[in-house]
Amino acid sequence: MVLTKEEQELIKRKHEQTLKLRTEFLKQSSNPFRHATGEGGTVFDAGLARFQAMRVSNFEHFKPTGKSFRTGLFAVVLPIVVYAWALKSERDGREAKYRTGQVAYKDRQFKFI
């Protein structure tokens, strides 16, 4: 894959920005006199604070749509219903075989002896 000159410059700038942020974070987090400023030993990350605030207030800004309804239906409700139906039909079929005598007592999976 061949990169253009602009793409190479963009990658180089991103890398330099990452290195700059990394050195700043290491400088702040390893400062032994940080407790004197009253901030404690952690570094405040504005992006992380915004993300956590968004996660907490997500329910207040949630607007139900058809897509979210379908997602919830197919990802949560439908698998539970299908699994419950499969369990019930399998158990009912097994119980019917037991009651009609098609399966001998010694061949049953669960016995009371």
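I call a residue buried under 20% relative accessible area, exposed over 50% and partly exposed in between, using a 1.4 Å probe and protein chains only.

**Entry 1: ground rules**

I am working from a predicted model, where local features need pLDDT of at least 70, side-chain atom pairs count only at pLDDT 80 or more, and totals for chains, interfaces and linings use all residues. Residues are numbered from 1 along each chain as its sequence is written, and side-chain values use heavy atoms, with hydrogens and water left out.

**Entry 2: salt bridges**

How many salt bridges does the structure hold? I looked them up and found 3. For the record, a salt bridge here is a side-chain nitrogen of Lys or Arg within 4 Å of a carboxyl oxygen of Asp or Glu. As background, side chains of opposite charge can pair when their charged atoms come close.

**Entry 3: Lys-88 with Asp-92**

I started with Lys-88, whose side chain meets that of Asp-92 in a salt bridge at 2.9 Å, N to O. Both sit in helix α4 (residues 66-100), 4 residues apart, so about one helical turn separates them. Helices in my notes are DSSP runs (H or I, at least four residues), numbered from the N terminus. Lys-88 is exposed at 52% relative accessible area, while Asp-92 is partly exposed at 40%.

**Entry 4: Glu-90 with Arg-94**

Next I checked Glu-90, which forms a salt bridge with Arg-94 at 3.0 Å, N to O. Is Arg-94 buried, exposed or partly exposed? At 23% relative accessibility, Arg-94 counts as partly exposed. Glu-90 is partly exposed too, at 41%.

**Entry 5: Glu-95 with Arg-99**

Then I turned to Glu-95 and Arg-99, whose closest N and O atoms are 2.8 Å apart in their salt bridge. Arg-99 is exposed, with 70% relative accessibility, whereas Glu-95 is partly exposed at 36%.

**Entry 6: a nonpolar patch**

Val-76, Val-77, Ile-80 and Val-81 make a nonpolar surface patch of about 350 Å². Patch residues have over 30% relative accessible area and no salt bridge; nonpolar side chains (Val, Leu, Ile, Met, Phe, Trp, Tyr) are joined within 5 Å, like charges within 9 Å. The areas come from the Shrake-Rupley method with a 1.4 Å probe, and for residues only the protein chains shown count as cover. I noted that Val-76 lies in helix α4 and is partly exposed, with a relative accessible area of 47%.

Notes: Helix = DSSP H or I, 4+ residues; strand = E, 2+ residues; numbered from the N terminus.
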